[in-house]
Amino acid sequence: MYLKSLHLRHFRNYSDQLVGFAAPKTIIVGNNAQGKSNLLEAVFLLATLRSHRVSRDRDLVQDGASLGEIQAICDRALSPVELVIRLRSESRRTLAMNGVSVPRHLDFLGQVNAVMFSSLDLDLVRGSPECRRTWLDTVLVQLEPIYTSLLQQYNQVLRQRNALLKSIRQGGVTFDPQQLSLWDAQLATTGTRLTRRRSRLVQRLTPIAQKWHQAISGGSEQLQITYTPKFEFADSDTVEQVQQAFLAQIQQKAIVEQRQGTSLVGPHRDEVNLTINETPAREYGSQGQQRTLVLALKLAELELIEAIIGEPPLLLLDDVLAELDLLRQNQLLNAIEDRVQTIITTTHLGSFDAKWLDSAQIFEVQAGK
Ligand code: ATP
Ligand code: MG
């Protein structure tokens with residue numbers, strides 16, 4: 001897949017701008033607040049229908065306009081496809097493909113795949129465990145469409161079980177152990193499916209992330225990623241064995257759960273531990289180390305998606321060179337191969353070597369132009 005062109009109309013600070021991508025590498029250079037991230041955001045929206053920054057379409061439409069539009073032409077293996085997202089400040093967005101309206105988001109997704117890395121992604125290391133769980137979920141949704149419904153099922157069971165625990169705590173219902181154990185069983189069944197998938201994903205991502213991490217950090221640092229559920233199980237365990245371990249842990253926590261009125265065991269409480277040279281990256285990593293780590297995770301995500309869907313997703317790098325030292329900058333830039341279409345933003349071109357500058361297409365952006 002290759003993004004050939006992007007046409008932004010009344011999107012963020014762009015009034016009307018057509019951008020043609022004539023090389024696999026594009027550098028968008030400009031001062032602060034000129035529209036670099038806005039451009040990447042538009043591409044990311046085509047891939048995910050979500051912004052990495054806001055959730056309201058009103059913010060995406062240019063101030064003073066009522067309709068904003070992102071139009072893109074992508075070269076697919078068989079034929080080019082034209083994609084349009086129309087954003088409205090006062091009503092719902094609409095989607096179209098090759099001039100035909102697409103009512104379901106599901107049918108639009110998958111035309112463009114993209115991996116974005118911006119400073120916001122530092123939350124993957126610095127943020128709460130939820131940030132890391134959400135990351136795994138986002139990757140799994142792209143790789144296994146069924147995962148979305150598994151996640152919904154689990155969250156529904158969790159909400160109901162929590163509601164029951166809460167009313168037990170408040171003394172609102174007479175405690176019926178049988179009713180609770182029904183929810184326990186459902187939580188364990190659906191939760192096991194999520195936990196095993198996430199754990200397998202971490203296992204697949206780990207060697208790729210380690211390879212990238214060594215490449216970017218120059219080989220001196222050892223990255224480890226571990227998926228840590230609230231109960232122990234072995235990879236060789238059957239589904240039933242994992243469910244048993246899950247249930248046993250719920251039973252062990254029964255009194256605390258009823259006292260706190262909430263579910264304490266399950267994938268909603270699992271953690272993904274990231275360590276560099278056996279030290280937790282969250283507490284001890286330097287800015288540059290944390291940035292390197294997130295980059296390695298994102299590049300691993302890219303490679304895994306490529307292996308599974310058969311072609312590389314777009315790589316969107318939003319101002320990521322700024323906090324890397326020269327060695328890491330070069331390692332990263334050298335690691336990006338031409339088969340991966342890359343759009344990278346920067347405030348100055350000084351970080352790029354001559355080879356990059358020669359092969360890349362460079363756009364300067366100034367106030368949305
Ligand atoms: P930095 O180097 O600081 O990251 P940037 O070039 O990435 O800057 P953007 O995040 O793309 O900057 O934002 C550019 C400008 O777009 C900002 O000044 C912002 O106020 C403006 N902007 C954001 N949303 C809208 C909107 N809906 N309408 C008009 N302008 C907007
Ligand atoms: Mg920016």
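This is a predicted model: local features need pLDDT of at least 70, side-chain atom pairs count only at pLDDT 80 or more; totals for chains, interfaces and linings use all residues.
Residues are numbered from 1 along each chain as its sequence is written, while chains are lettered from A and ligands numbered from 1 in the order in which they are written.

**Confidence**

- For the complex, the predictor gives an ipTM of 0.99 and a pTM of 0.84.

**Around ligand 1**

- The shell holds 16 residues, and N13, N32, K36, S37 and N38 come nearest. A residue is near if its C-beta atom, placed from the backbone, lies within 6 Å.
- Helix 1 (residues 36-48) gives the most to this shell, with three residues. Helices are DSSP runs (H or I, at least four residues), numbered from the N terminus.
- By class, the shell has two nonpolar, nine polar and five charged residues. Ala, Val, Leu, Ile, Met, Phe, Trp, Tyr, Cys and Pro count as nonpolar, Asp, Glu, Lys and Arg as charged, and the others, Gly among them, as polar.

**Helix 7 with helix 6**

- Helix 6 (residues 146-169) packs on helix 7 (residues 177-217) at about 150 degrees, with the axes 9 Å apart. That makes the two helices roughly antiparallel. Axes are lines fitted to C-alpha atoms over the stretch in contact, and angles run from 0 to 180 degrees between N-to-C directions.
- Their contact includes Y147 and L150 of helix 6 and W183 and L187 of helix 7. Two residues are in contact if their C-beta atoms, placed from the backbone, lie within 7 Å.
- This contact has 11 nonpolar, six polar and three charged residues.

**Helix 7 with helix 11**

- Helix 11 (residues 287-309) meets helix 7 at an angle of about 130 degrees, with the axes 8 Å apart. The pair is therefore oblique.
- Among the residues that meet are W212 and H213 in helix 7 and E303 and L304 in helix 11.
- The contact has 12 nonpolar, three polar and two charged residues.

**Helix 7 with helix 8**

- The axes of helix 7 and helix 8 (residues 239-252) come within 9 Å and cross at roughly 125 degrees. These helices are therefore oblique to each other.
- The contact includes D184 and R196 of helix 7 and F246 of helix 8.
- Its residues divide into six nonpolar, four polar and two charged.

Notes:
Angles under 35 degrees count as roughly parallel, over 145 as roughly antiparallel, 65 to 115 as roughly perpendicular and the rest as oblique.
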